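Hi everyone, thanks for coming. I'd like to walk you through one model today, so please have a look at the screen with me.

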Amino acid sequence: MNDSALHWFRRDLRLADNKALSAALQESARVHCVFVFDTDILGKLTRRADRRVEFILHCVAELADDLAGLGGNLIVLHGRAVEEIPRLARRLQAGSVYTNRDYEPAAIARDQEVERALNADGMAFYRCKDQVVFEQDELVSQEGRAYTVFAAYRNAWLKRLPQADLEPAPLETARGRFARWDDGTPPRPLPRLQDLGFETTNLLELGIKPGTTGADQTLGDFLPRMHAYREARDYPAVRGVSYLSVHLRFGTVSVRRLVNEALRDGSEGARTWLAELIWRDFYFSILYLFPHVVGHAFRRDLEALPFTNREDRFDAWREGHTGYPLVDAAMRQLNRTGYMHNRLRMLTASFLVKHLQVDWRWGERYFAEQLNDYDLAANNGGWQWSASTGNDAQPWFRIFNPVLQSKRFDAEGRFIRRYVPELAGCSDKLVHEPWKMSPAEQAAARVLIGEHYPAPVVDHAQARQAALRMFQGIRPAAGSA
Ligand SMILES: Cc1cc2nc3c(=O)[nH]c(=O)nc-3n(C[C@H](O)[C@H](O)[C@H](O)COP(=O)(O)OP(=O)(O)OC[C@H]3O[C@@H](n4cnc5c(N)ncnc54)[C@H](O)[C@@H]3O)c2cc1C
């Protein structure tokens with residue numbers, strides 16, 4: 001057993017069922033814990049009021065309390081992780097550093113740099129599988145090829161599940177196992193948002209509960225609804241989904257716990273929900289095995305679509321002023337809360353790429369800035385699915401009709417009215433296509449189209465034809481539709 005080790009928290013902001021932390025405790029007499037507010041990451045954020053930084057700060061405060069309760073402390077640093085981690089490990093004379101594996105190309109490069117620095121000083125760097133059930137190339141076909149079609153991946157995933165390690169990683173809590181770092185200076189308070197260069201957001205007003213206590217509550221709210229997931233998940237106006245994505249993103253709940261809950265429930269709804277967790281693993285593996293998806297189409301034949309990239313259209317989409325009520329409600333939900341329902345992510349992404357002919361990478365970047373649950377693998381996968389450039393994507397000639405989607409998934413316009421109050425007075429029928437209201441109907445609904453609420457930025461039928469021409473123009477590879 002080593003004398004002392006350092007656990008580096010990143011996307012695993014919890015003590016319970018944390019693989020790397022558990023391994024550190026099993027293999028070392030004393031474990032120090034650290035979280036770094038990494039300036040290489042924070043420096044790239046474009047908004048000073050960023051809910052994710054606030055979310056993390058709350059999680060870090062909770063972790064610090066939890067560790068204090070176990071006799072340890074959380075060392076919180078603000079700087080470049082590639083420099084801070086080796087420096088701290090040296091000062092602590094840690095024999096090894098433990099962390100949970102990250103699959104994003106930039107994170108892999110960062111970890112390699114940290115590893116080189118630690119090894120140069122004779123320290124080991126251990127990365128554990130924690131974020132996913134199957135990682136990297138653990139699931140490949142019999143011929144050793146990556147699965148790029150979801151159904152095949154899901155079948156292989158389910159077949160291998162009995163061999164997966166779903167046991168919660170034990171947490172050794174005996175007094176003295178968590179080390180307390182005392183560098184001789186008075187204990188430093190946790191940084192405030194302002195110290196990190198950020199501002200307070202509306203995170204807590206929105207009712208988003210950070211930390212493991214927030215994850216427990218969110219899961220507790222979902223468990224009794226899980227059996228109804230299959231029927232309820234497509235309707236943004238009802239509480240049909242779990243809202244756990246931000247917790248999965250920051251690791252305030254373990255994916256193993258969620259898989260176990262779905263297996264325990266066993267209902268049709270639980271099986272459907274489990275498939276969503278499998279999508280998550282799938283996109284992690286696609287990102288890892290095909291890193292060219294960052295910035296490029298998975299399908300190379302669809303790399304150079306001739307988008308028109310009109311800034312005015314992109315702005316209308318971003319601001320929720322396209323004149324298509326469900327698209328606008330979704331974008332306003334995103335802007336106001338940092339969350340968007342999955343059905344609406346598909347609709348708004350498709351609308352931007354196919355109706356407005358704006359490069360999917362613009363939309364991907366905008367979602368990356370806004371989403372509380374932003375995750376490179378899932379976001380890139382979702383955008384490439386919607387743009388038809390991805391592996392196993394929506395066929396290029398399938399183009400969501402925003403009015404039909406609206407009538408089908410928000411029939412009474414409840415979701416629309418919540419985020420587009422200008423349309424509150426419209427009838428259930430015309431709230432989906434308010435430009436069809438006569439002047440008298442507009443007056444009765446107290447909304448003048450073109451004045452209080454925009455006329456459609458494009459005509460659906462014409463935009464559809466233009467999108468088909470855009471794809472046909474570059475002749476997508478045969479059989480790839
Ligand atoms: C264009 C686009 C962009 C997206 N960007 C992201 C993103 O940045 N981060 C993100 O976590 N999800 C993303 N998704 C996937 C999905 O929309 C969200 O995971 C989901 O809406 C989160 O809500 P929930 O937790 O209530 O999901 P639930 O329906 O309760 O699903 C449970 C969990 O399964 C996972 N999941 C569900 N659907 C998917 C999916 N299609 N792909 C991968 N994982 C999935 C998520 O971790 C989710 O929390 C995107 C989808 C699209 C179409």
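How are H13 and H14 oriented to each other? This is a predicted model, by the way. The axis of helix H13, residues 325-337, and that of helix H14, residues 342-355, come within 10 Å and cross at roughly 110°. Angles from 65 to 115 degrees count as roughly perpendicular, and H13 and H14 are therefore roughly perpendicular to each other. The crossing in which H13 passes H14 is left-handed.

Now, which residues meet there? On the H13 side we have Leu-326, Val-327, Ala-330 and Met-331, and on the H14 side Leu-344, Leu-347, Thr-348 and Phe-351. Sorted by class, the contact of these two helices has seven nonpolar residues, one polar residue and no charged ones.

H14 supplies at least two residues of the shell around the ligand, and so does each of helix H9 (245-250), helix H11 (268-289) and helix H16 (376-387). Which helix gives the largest share of that shell? That's H16, with six residues.

There are 28 residues around the ligand, and the ones that come nearest are Val-241, Ser-242, Ser-245, Asn-379 and Gly-382. By class, the shell splits into 14 nonpolar, seven polar and seven charged residues.

One last point, on domains. Domain 2 (138-166 + 212-289) and domain 3 (300-473) each contribute at least three residues to the shell around the ligand. Thanks, and I'm happy to go back to any of these views!

Terms used:
Residues numbered from 1 in each chain as written. Predicted model: local features only at pLDDT ≥ 70, side-chain atom pairs only at ≥ 80, totals over all residues. Axes fitted to C-alpha atoms, helices over the stretch in contact; angles between N-to-C directions. Helix = DSSP H or I, 4+ residues; strand = E, 2+ residues; numbered from the N terminus. Parallel < 35°, antiparallel > 145°, perpendicular 65-115°, else oblique. Left-handed = near helix turned anticlockwise from the far one by under 90°. Contact = placed C-beta atoms within 7 Å. Nonpolar A, V, L, I, M, F, W, Y, C, P; charged D, E, K, R; others polar. Near = placed C-beta within 6 Å. Domains from an automatic or database assignment.
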